[in-house]
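Subject: Structure for you to look at

Dear colleague,

Here is the structure I said I would pass on.

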Amino acid sequence: MTPYAGAVHVSALQTPALVVDADALAHNLATMAAALPGPRLRPHVKAHKTLALAARQAAAGHPGFTCATIREVEGLAAAGLGTDLLLANEVVDARRLGAVADSGARVTVAVDSDETVDAAARGAVHEVVIDVNVGLPRCGCDPADAGRLADRARRAGLSVRGVMGYEGHLMTEQPRATRADKTESCMELLLRASSAVGGDLVSGGGTGTFDVNTWVTEIQAGSYVLMDTAYGALGLPFRQALGIEATVISVNRAGWAVADCGLKALGMDHGDPTIEGASVWYCSDEHVTFSCVPLPRVGDRVRVTPAHVDPTVAYHERMHVLAADGTVTETWPVDLRGW
Ligand SMILES: Cc1ncc(COP(=O)(O)O)c(C=O)c1O
């Protein structure tokens, strides 16, 4: 359903509204597809949670997807995008994943413990990767335990496709040379685990390491397609495509203004959003308070750029794609939200 499609202009949207610059989006899709063509990129859908956007990534040549939730796996499979779905996350109840695999999609789940191996077998998922800790305190087994877990999985009747290891703590490490060096150390751990595990998949990486992680067989980047200010600071070849259209609802002549885009419309874990030409003071539930010269008028529109794309998108029901003149060309439901 595209309730705002047609000649509607961004200025007519109810705010706060998630908006996507069509040109920047096309640039990001094409730039990544040129750098990591076909299965070299396994786009992570956690950043956008939007089937229409996943379809654009598939059309750009990437046959498989990375997911963070069972809901994402289910949604992609139901939409016919289930050629090769990797749930890069552990689950202790894999029955819904098994049902997706039964429906004909290819489903692989990450495991890092006896419990999650057994859950995959009980849930009839069939295929797993061994998730290896490469330095970020998140999921992932000790590299030295990877071979043993793979043996246990095979004994349980599972097919072990290989390993994954997410170097998420390095995504915004600066400068690029340091990011590359530290990524190499992480990937040494992952490759050692890969030799013990077997299989042909070595999966890892993200937007910040897409061009420095040359050790994995596939990169799991997701944010590149929409971008945020945290990644924008790195000088990557991707453009800021995502913004939030907001309306100024109050102006105080003492020197500040308030727009209707607060922390219920923004992921704030990477810090305050930015507004071009303005200084953002802080965000509260429904408000962003900022100053600029001259002050705007009540009713003016401002474009708010989030610091972290993933949680921002997850707050919104839909995203509006904008042509260069601000016309809404498409409205996409953010339909992979939920669990
Ligand atoms: C397992 C995993 N792989 C890859 C990524 C990379 O995502 P991005 O490109 O958005 O940094 C993430 C992000 O959180 C992740 O959790």
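The lining of the second largest pocket is made up of five nonpolar, four polar and two charged residues. Please keep in mind that this is a predicted model. The space in this second largest pocket comes to about 180 Å³. Of its 11 lining residues, Q14, P16, A17, H316 and R318 are the closest to the centre. Strand 1 (17–21) and strand 15 (318–322) are the elements that give two or more residues to that lining.

The largest pocket has about 640 Å³ of space. Its lining counts 32 residues, and those nearest the centre are H44, K46, Y166, H308 and D310. Two or more lining residues come from each of helix 8 (229–232) and helix 9 (309–314). Helix 9 provides the largest share, with three residues. Sorted by class, the lining of the largest pocket holds 12 nonpolar, 13 polar and seven charged residues. Which domains contribute at least three residues each to the lining of the largest pocket? They are domain 1 (10–17 + 238–333) and domain 2 (37–220).

Next, the core. The largest nonpolar core has 92 residues, and the members that touch the most others are L76, L97, I130 and L226. Because domain 1 (10–17 + 238–333) and domain 2 (37–220) both give residues to this core, it lies between them. As background, nonpolar side chains in soluble globular proteins tend to be buried together. Leaving out residues up to four places away in sequence, L97 touches I70, V73, L87, V91, V107, V109 and V125.

Last, a loop residue. P63 sits in the loop that runs between helix 2 (51–59) and strand 2 (64–67). P63 and R42 are 21 residues apart along the chain, and 7.5 Å separates their C-alpha atoms.

That is what I have on this one.

Regards

Methods
Residues numbered from 1 in each chain as written. Predicted model: local features only at pLDDT ≥ 70, side-chain atom pairs only at ≥ 80, totals over all residues. Heavy atoms only, no water. Core = buried A, V, L, I, M, F, W, Y, C linked by side-chain atoms within 4.5 Å. Buried < 20%, exposed > 50% of the residue type's maximum accessible area, 1.4 Å probe, protein only. Domains from an automatic or database assignment. Contact = heavy atoms within 4.5 Å. 1 Å grid on protein atoms, 1.4 Å probe; cavity = no way out; pocket = protein on both sides within 12 Å on 5 of 7 lines; lining within 4 Å. Points joined across faces, edges and corners; volume = space filled by probe spheres on them. Helix = DSSP H or I, 4+ residues; strand = E, 2+ residues; numbered from the N terminus. Nonpolar A, V, L, I, M, F, W, Y, C, P; charged D, E, K, R; others polar.
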